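Colleague: Could you walk me through the contacts in this one? Start wherever you like.

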Amino acid sequence: VSVLSDSGLIVDAPVANVGGAGRPARHYSFHAEAGTVVGVDIGVASVRVLLSDLAGRVIAQRSFPGVEAHPDGAAKLAAVIDDVRQTLGGASVASSRVRAIGVSLPGLVDDAGRVVLSVVIPEWSGADIGAQLRQAFGCPVSVDNGVRLAAVAEHHLGVAQLVDDVIYLSVGNRISMGLILGGRPRRGIPNSPGDIGRLAFRGLHTETGQISWRSAETAAEVFALARDGDGDAQAELDAFIDELAHGIATLIMTVDPAMVVIGGGLSAAHAQLLDPLRAALPGHLGLPFQVPVAEARLGAEAAAHGAVVHAFQRHASHIYG
């Protein structure tokens, strides 16, 4: 109890005076406000920052413009550091109270937090983003791939909480995958098991994995045209969903998951995407049973929540002493 009190993890709590013989009772409670854990999701379109107390409750969250507008890798990193500091300042949390930081970013990341390769933020390829943030904030930092951390969040907090073998697909500008096997995120030796969009799904840009559309410039416009009865847009959408089902069937037959979770920007299309996808999948699988296909619950916030979970898992000893 003395050690816990000295570390600030417990504080005296009110106790009713019941009288009687012996020493008076003392009550203690966990002091969740003794420190803060930060989750950061870095993207070209947006940066999301979450602050959590030591019980894992979100106490503040903010969104900022993405890093795309900044001219080089150093400027992009400086902008992210400033975003975190602004969020801490807005919540009146001193930097000294930050006990760990989890970071989600697009790219292949090794266990030490170094970006092996990022097609989306190429200036960071080879950069040790974790070390840079450790120097800026003076606390442990864990860095991982954004889609993998979105899968972690959906397994820990979202639609797949009770399922230990999950394929998480982020379907947006690209198609990427995160795997939860045996309740743990699958990283593999080169930390690359999620970089599968260009291989499992035909018709994507061979180098970037970008999804291209013919009927309109963006997916949102294609979906809107299809809703309004445009035949070309609906035909393109039908072909895309069928190809998506073919790729998912390939992954299901390889991994044998208990659930497939669809996240990313296109999951916001809800029934316009998921209902026909569920209908198309059995034809590609040819199995006497169906694998559940669920919409991600945490939406665009998934990777930021996953970054917080990742920080707690990687740095529990530093967070709690």
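Modeller: This is a predicted model. I'll start with two helices: Leu77, Ile81, Val84, Arg85 and Leu88 in H2 meet Ile129, Gln132, Leu133, Ala136 and Phe137 in H3.

Colleague: How do the residues of that contact divide into nonpolar, polar and charged?

Modeller: The contact of H2 with H3 has eight nonpolar residues, one polar and one charged.

Colleague: And at what angle do H2 and H3 pack?

Modeller: Helix H2, residues 73-90, and helix H3, residues 129-137, pack at about 40°, and their axes are 11 Å apart. The two are therefore oblique to each other.

Colleague: Is the crossing of H2 and H3 left-handed or right-handed?

Modeller: H2 passes H3 in a right-handed crossing.

Colleague: Switching to the sheet. What is the strand order?

Modeller: The order is E5-E4-E3-E6-E9, five strands in an open sheet with mixed pairing. Strand E5 (58-65) and strand E9 (141-145) are at the edges with a single partner strand each, so one side of each has no neighbour in the sheet. From one strand to the next, the twist averages 15°.

Colleague: Which strands does H2 touch?

Modeller: H2 packs on the sheet and touches E3, E4, E5 and strand E6 (98-105). The direction of H2 makes about 40° with that of E4.

Colleague: What about H9, where does that lie?

Modeller: Helix H9, residues 302-314, lies across E3, E4, E5, E6 and E9. H9 runs at about 135° to E3.

Colleague: Back to E4. Why call it largely enclosed?

Modeller: Seven of the seven residues of E4 are buried, so the rest of the structure largely encloses that strand. Both faces are covered: Ser46, Arg48, Leu50 and Ser52 are buried on one side, and Val47, Val49 and Leu51 on the other.

Colleague: How many bridges join E3 to E4?

Modeller: Six bridges join strand E3 (residues 36-42) to strand E4 (residues 46-52), and the two run antiparallel. Among the facing residues, Ile42 has Val47 in E4 as its bridge partner, and Asp41 stands opposite Arg48. E3 and E4 form a hairpin with three residues between them.

Colleague: And on the E5 side, how many bridges join E4 to E5?

Modeller: Seven bridges, and E4 and E5 run antiparallel. Leu51 stands opposite Ala60 in E5.

Colleague: Which residue in the turn between E4 and E5 has a positive phi?

Modeller: Gly56, with a phi of about 85°. E4 and E5 form a hairpin there, with five residues between the strands.

Terms used: Residues are numbered from 1 along each chain as its sequence is written. This is a predicted model: local features need pLDDT of at least 70, side-chain atom pairs count only at pLDDT 80 or more; totals for chains, interfaces and linings use all residues. Side-chain values use heavy atoms; hydrogens and water are left out. Axes are lines fitted to C-alpha atoms, for helices over the stretch in contact, and angles run from 0 to 180 degrees between N-to-C directions. Helices (H or I, at least four residues) and strands (E, at least two) are DSSP runs, numbered from the N terminus. Angles under 35 degrees count as roughly parallel, over 145 as roughly antiparallel, 65 to 115 as roughly perpendicular and the rest as oblique. A crossing is left-handed if the near helix is turned anticlockwise from the far one by less than a right angle, and right-handed if clockwise. Contact means heavy atoms within 4.5 Å. Ala, Val, Leu, Ile, Met, Phe, Trp, Tyr, Cys and Pro count as nonpolar, Asp, Glu, Lys and Arg as charged, and the others, Gly among them, as polar. Two strands pair if DSSP finds at least two bridges between them. Buried means under 20% relative accessible area, exposed over 50%, partly exposed in between (1.4 Å probe, protein chains only).
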